[in-house]
Amino acid sequence: MKTLKQELKENIIEQLNLEDLAIEDINDDDILFGDGLGLDSIDGLELIVMLDKNYGIKLTDPKEGRAIFESIEVMAKYISENRTK
Amino acid sequence: MNSNYYISSFCSIKNNTISLNGSMVYSNENMEFLEFIKAAYKSLDTNYPKFFKMDGLSKLAILAAHVLFKNENINQDKDNDIAVVFSNKSSSIDTDRKHQKSIENKDDYYPSPAIFVYTLPNICIGEISIKYKLFSENSFFIFENFSAQHLLDYANSLLSAGKTEKVLCGWVELDGNQYEAYLYLVTKIGTILHSKENIIKFYNT
Amino acid sequence: MTEVYLSYNNIVSSLGFDSETVVSNIHNEISGLQLIDDKEMFFKSFCSSIINQKELNNSFTSIAVEGNFTRLEMMMITSLNSVIQDTKIPLTKNVGLIISTTKGNIDILDKNSKFLEERAYLGSLGKVIKDFFKFKNDAIVVSNACVSGVLAVTIAKRYITQGIYDNVFVVSGDIVTEFILSGFNSFQALSSEPCKPYSKNRTGINIGEVAASVLVTKNDTNLAKEAVAILGDGSCNDANHISGPSRTGEGLVRSVKLAQKEANISFDNIDYISAHGTGTPFNDEMEAIAINRLGLQNVPINSLKGYFGHTLGASGLLETIVGMHSLYNNTLYSSLGFEEIGVSQPINVITKTITKKLNIFLKTASGFGGSNMAVIFKKINMTSK
């Protein structure tokens with residue numbers, strides 16, 4: 001799980017172009033959307049693509065995504081339970 | 001019958017150099033466009049993290065606007081009545097190619113919404129409108145070459161019809177490593193006449 | 001202030017190749033949308049209105065010896081030709097040409113395209129159209145997301161008011177491509193069924209393709225019977241987000257207020273609203289909020305996306321032309337696809353074709369980049385049907 005969380009932080013920084021953030025800046029339980037990391041709706045859609053591309057998980061409802069993308073902790077748990085890649 | 005309008009300031013980004021009203025504010029040779037524009041962002045204290053999510057065209061446009069508006073003391077905390085009239089030759093083709101590439105291989109088919117949203121040239125105007133609270137008119141024109149006449153006529157028509165207080169006009173072009181930005185602000189009060197001659201003179205500066 | 005009119009017009013679409021035929025189909029609530037299952041075009045089946053290629057070829061060969069034209073160019077030339085023929089105006093230096101499109105010949109970027117990449121540049125599209133008809137002035141190409149079609153009309157008005165042109169031909173067009181379908185699909189915005197603007201169970205947009213043309217003129221002689229005057233326009237950015245509309249509809253509200261101020265009319269004078277209504281959860285909700293903020297919730301309103309899908313850079317002009325005919329015919333057309341209301345504020349959606357005396361309509365449009373447009377039009381021919 002530790003490696004997955006690290007990987008997620010790296011992926012998020014790269015995929016979402018968060019260039020002024022380092023992995024150390026993201027805590028496992030930081031809220032990703034809204035006031036936390038400040039991600040927006042397009043970032044949410046990008047994370048849906050990332051789930052499919054990197055982990056083989058297909059989500060079709062963006063609202064479902066919001067719950068899963070609450071924090072790195074929540075994401076890692078969901079991915080390890082549902083990944084097909 | 002048109003009143004006289006004026007060019008208040010202008011900014012150019014070309015040949016790895018950023019100039020404001022003809023004076024250099026940043027230069028860095030021997031860099032490809034993307035590296036150059038990011039280096040300029042850092043050097044000019046832009047402090048706008050959304051910059052990194054933008055495509056090349058929007059990065060170019062927002063940096064030019066930052067330099068020009070900083071000089072004009074435009075306050076980002078309130079509405080600004082400034083229309084935006086931009087133009088270029090290549091539309092958003094630089095980003096279009098990226099999106100096209102992402103759908104070329106059916107076995108590796110992951111089109112990105114963050115790329116797709118930038119496959120419209122007017123998005124760079126949207127980015128500037130968000131940063132500076134411009135609840136105003138905007139239009140994006142495509143011309144084969146920079147057209148001072150069209151920008152002159154259109155900006156004049158907006159001002160004389162009372163549609164706006166000021167107009168930010170420009171040519172913001174990006175195609176691979178070929179890039180060029182030229183923005184100027186047209187106002188109702190000033191000293192330098194808003195004329196075709198001056199638009200071209202400053203474009204060539 | 002010079003009065004400016006919209007006059008002769010044409011629509012090339014899956015519902016017909018002339019405005020009257022198209023409007024007649026709309027009158028009968030016939031949709032141009034179909035379920036398309038074409039794995040060459042897109043990996044999953046999608047709902048769209050696609051122009052029949054054979055019909056387009058037939059129409060085009062009566063205008064030109066089949067040259068080297070792209071699909072979009074054929075559509076636009078067919079449409080614009082019809083309007084130029086109707087108006088009989090010689091194309092002098094006082095006549096302008098405005099083209100509106102979001103992606104133009106974007107299908108040329110596909111590696112299987114027989115055209116060279118330079119043809120994908122929008123300036124090339126402008127040149128092809130200009131040279132075909134031998135316009136004296138270069139085309140002015142407008143590419144401003146989904147407000148382009150109606151923005152082009154106001155740009156024409158500005159050039160006429162400035163005295164630069166007496167007449168301006170405006171032609172808009174966009175085609176259905178994998179480029180567009182894949183993009184909107186990545187936004188989770190594509191509906192696999194016909195779209196349902198303002199409805200509870202709406203799930204997204206359909207993409208459609210159309211070419212539409214109109215003459216914008218200051219001459220009030222020899223106007224088409226369905227001609228309208230442009231009373232006022234307003235365009236205000238949301239200054240909020242590059243793809244999502246403002247949750248308060250701020251830009252749209254400001255745009256309508258500006259248009260109304262310039263038109264110098266009361267909101268009570270607006271008989272009909274031709275809205276954007278794409279069928280996405282956010283767009284339709286934003287519009288309902290904006291309409292209520294303006295106090296226009298009782299004005300009959302429709303979206304025409306249920307007949308054609310979202311035709312992007314052409315939608316604004318296509319829908320304006322249908323609005324012109326709506327006024328002339330004193331008929332309100334059904335907002336096809338609408339089922340149970342699914343927006344948080346009440347709006348008066350037209351649910352079936354009905355006759356009603358109409359004089360003034362408001363056209364609104366919104367697009368990526370936070371753009372919004374509102375234009376108010378008034379019927380000229382008071383002895384209409």
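## Reading a three-chain model together

Buried residues make up 26% of the 85 residues in chain A.

Student: Before we go on, what kind of model is this?

Tutor: It is a predicted model. Let's stay with chain A for a moment.

Student: Happy to. How many helices and strands does chain A have?

Tutor: Chain A has 4 helices and 0 strands, so from the N terminus its elements run α-α-α-α. Its radius of gyration is 12 Å, close to the 12 Å that the globule rule gives for 85 residues, so chain A is as compact as a globular protein of that length. Along the principal axes, its C-alpha atoms fill a box of roughly 30 × 25 × 20 Å. Of the contacts in chain A with a separation of 6 or more, 57% join residues 24 or more positions apart.

Student: Now a helix. How far apart are the end C-alpha atoms of helix 3 of chain C?

Tutor: Helix 3 of chain C (residues 71-87) has 17 residues, which at 1.5 Å a residue should span 24 Å; the end C-alpha atoms are 25 Å apart, which agrees. Because 13 of the 17 residues are buried, this helix is largely enclosed by the rest of the structure. After it comes C:Lys88, with a positive phi near 55°.

Student: How do I read a sheet?

Tutor: Strands of a sheet pair through backbone hydrogen bonds, either parallel or antiparallel. In chain C, an open sheet of 3 strands has the order 2-3-7, with mixed pairing. Strand 2 (34-36) and strand 7 (207-208) stand at the edges with a single partner strand each, so one side of each is left without a neighbour in the sheet. Strand 3 (residues 46-49) and strand 7 of chain C pair in the parallel sense over 2 bridges, and C:Ser48 has C:Ile207 as its bridge partner in strand 7.

Student: Which residues have the most contacts inside the largest nonpolar core?

Tutor: In soluble globular proteins, nonpolar side chains tend to be buried together. The largest nonpolar core here has 218 residues, and B:Leu60, B:Ala64 and C:Val170 have the most contacts inside it. Helix 2 (residues 56-71) of chain B gives the largest share, 10 residues. Leaving aside residues up to four places away in sequence, B:Leu60 touches several residues, including B:Ile13, B:Val172 and B:Tyr179.

Student: And how do the chains meet?

Tutor: The contact between chains C and B takes 40 residues from chain C and 42 from chain B. The chain C side has 18 nonpolar, 17 polar and 5 charged residues. Across this contact, strand 5 (residues 138-142) of chain B and strand 5 of chain C run antiparallel, joined by 2 bridges, with B:Phe141 opposite C:Val142. Elsewhere, 5 residues of chain C are in contact with 6 residues of chain A; the chain C side there has 1 nonpolar, 4 polar and no charged residues.

Notes:
Residues are numbered from 1 along each chain as its sequence is written. Chains are lettered from A and ligands numbered from 1 in the order in which they are written. This is a predicted model: local features need pLDDT of at least 70, side-chain atom pairs count only at pLDDT 80 or more; totals for chains, interfaces and linings use all residues. Two strands pair if DSSP finds at least two bridges between them. A nonpolar core is a set of buried Ala, Val, Leu, Ile, Met, Phe, Trp, Tyr and Cys residues joined through C-beta atoms within 7 Å. A residue is buried if 20 or more other C-beta atoms lie within 10 Å of its own, exposed if 12 or fewer, and partly exposed in between; C-beta atoms are placed from the backbone. Two residues are in contact if their C-beta atoms, placed from the backbone, lie within 7 Å. Ala, Val, Leu, Ile, Met, Phe, Trp, Tyr, Cys and Pro count as nonpolar, Asp, Glu, Lys and Arg as charged, and the others, Gly among them, as polar. The expected span of a helix is 1.5 Å times one less than its number of residues. The radius of gyration is taken over C-alpha atoms; the globule rule is 2.2 Å times the number of residues to the power 0.38.
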